[in-house]
Amino acid sequence: MNHYTNEEWRQFICDVLPEEKREEMENHLYTCDQCLAVYMELIEENAFELPNPSDETVSADVIIAQVEQYKKPKRTKTKQKLLHYGIAAVITIGFMSSGIFQSVTNAVVLGTDLSENRPSYTEQWMDKTLSFLDWIKPNQKEEGNNQ
């Protein structure tokens, strides 16, 4: 792992480094405990050089404006989660109605082969629907003859 020198951390603290170097060092702090300890020690040593919140250049309005630019609305995350749950529910219902879960369960529990010649649930629904339609047709013909 590549560690930074104390002088580089001082420059980081005083904000005199280019933006790319600052981001690189900041990311390094997230992964290196040794450099984080050095950084914290240097912050304590150089606390008198850091800007004081009572200075006119650093006001509450400036800080709030900076924080708000990084704020992300929570609604989009919630909507995205609901969308994913909805998609998962639709896929699960589709699999359940097609009989995939039933055939897998039967194969595991009963030790049967998945290539059974039993009609799927979709075919069973289609057969029931067609028989219902065939039952309705003669009834409609009888009503037509009576009129």
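I took helices (H or I, at least four residues) and strands (E, at least two) as DSSP runs, numbered from the N terminus. On that basis I read the elements from the N terminus on as α-α-α-α-α-α-α, which makes seven helices and zero strands.

A note on the source: this is a predicted model, where local features need pLDDT of at least 70 and side-chain atom pairs count only at pLDDT 80 or more, while totals for chains, interfaces and linings use all residues. Residues are numbered from 1 along each chain as its sequence is written, and side-chain values use heavy atoms, with hydrogens and water left out.

Next I looked up burial (under 20% relative accessible area, 1.4 Å probe, protein chains only). Buried residues are 12% of the 147 in the protein. I also noted an accessible surface (Shrake-Rupley method, 1.4 Å probe) of about 12,800 Å², with 57% of it belonging to carbon and sulfur atoms.

Then I turned to contacts, meaning heavy atoms within 4.5 Å. Of those between residues at least 6 apart in sequence, 44% join residues at least 24 apart.

How do α1 and α3 pack? I found helix α1 (residues 6-14) at an angle of about 60° to helix α3 (residues 33-45), with axes (lines fitted to C-alpha atoms over the stretch in contact, angles from 0 to 180 degrees between N-to-C directions) 10 Å apart. From α1, the contact uses Asn6, Trp9, Arg10, Phe12 and Ile13, and from α3, Cys35, Val38, Tyr39, Leu42, Ile43 and Glu45.

Terms used: Buried means under 20% relative accessible area, exposed over 50%, partly exposed in between (1.4 Å probe, protein chains only).
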